[in-house]
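Dear colleague,

Please find below the structure that I promised to hand over.

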Amino acid sequence: MTPRPRPSDRHRRRPARRTDHVRTNRALWERQSDAYDRRFRSVLGEKNAESWGFERIPEVELNLLGPVEGRDILELGCGAARWSISLAGRGANVVGLDFSSAQLEKARKGVARARSPVRLIEASAERVPLRSASFDLVFCDWGAMTFCDPYRTVPECSRLLRPGGLLVFATASPIASLAWNRAGDRIGTRFTRDYFGLHQVELPNEVNFQLPYGGWIDLFRSNGFEVVSLLEPQMGRRRRSRYLSSRESRWGERWPLEAIWRVRKLGTGSPAPP
Ligand SMILES: C[S@@+](CC[C@H](N)C(=O)[O-])C[C@H]1O[C@@H](n2cnc3c(N)ncnc32)[C@H](O)[C@@H]1O
């Protein structure tokens, strides 16, 4: 007899009823925008703009986005829009979206400096004020997908993408979310949260979101996506990270610190690259 899955096995959840997390996270980014930019400017800089994750693995190495020339691309949580500007330089039509006016101010300066055609929009990734089926690719590297309720953003990305379009994003791995302590300042070798029911991850000044692996897959599938790949970069294999403490790097040599999801919207239309 096949056992019937209990709700905890199926990971079915609803979006957080309230959206206080958006207010909390926006306040955080308004407050820390300058410090973040000062600290990471050189790591995120123009030369490495198209790079993924803590170790800044170049897009040319991973080829997660595929060809970009002529494609309509949305960056969710673009920050200073370094990725967006670089992609537009390769011939893509890019919209950079962020909910922080301080972050967007930096993006505006970058766009003006580069004389880039990137269009910037101030809005939350949970409610994007753009037409349905208007993008071939929606992506972010530790952008809004980390800070937003996936039960709102995944349907929103599905709405915004054309059939065959790709959603690609780097964020924490579910395992890492379990291993961060509740103050969010230390990753350890014990789990501090339950796996089942993993959803809103409350930290002292911010709110992150995470799902169990099965929860992500259920959510993608129920919004018309198929999973193309899940990349779990092992730290310390390619290069030293300038984001991580040595403790975090050592942790990331043993377990996946981050997850880069690549999912494709099903349906016929201009096919996205494999
Ligand atoms: C860690 S930063 C990464 C930015 C960019 N990927 C970079 O490398 O500079 C996260 C960005 O997501 C934005 N963000 C967070 N939650 C958001 C939301 N709900 N809607 C739009 N942007 C959001 C923040 O304002 C911030 O600019």
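Helix 2 (20-44), strand 4 (93-98) and helix 6 (144-147) each contribute at least two residues to the shell around the ligand; helices (H or I, at least four residues) and strands (E, at least two) are DSSP runs, numbered from the N terminus. Helix 2 gives the largest share, three residues. This is a predicted model, in which local features need pLDDT of at least 70 and side-chain atom pairs count only at pLDDT 80 or more, while totals for chains, interfaces and linings use all residues. Residues are numbered from 1 along each chain as its sequence is written, and side-chain values use heavy atoms, with hydrogens and water left out.

In total, 21 residues surround the ligand, the closest being D98, Q103, A125, D141 and C148 (a heavy atom within 4 Å). A polar side-chain atom of Q103 is 2.8 Å from a ligand oxygen atom. A ligand nitrogen atom lies 2.9 Å from a polar backbone atom of A125. Of the 600 Å² of accessible area that the ligand has on its own, the protein covers 96% (Shrake-Rupley method, 1.4 Å probe).

R56 lies in the loop between strand 1 (51-52) and strand 2 (57-58). The side chain of R56 makes a polar contact with that of D141 at 2.8 Å (a pair of N or O atoms within 3.5 Å; within protein, one must be able to donate a hydrogen and the other to accept it, and residues adjacent in sequence count only if both atoms are side-chain atoms). A polar atom of the R56 side chain also lies 2.8 Å from the backbone oxygen of S51.

With kind regards
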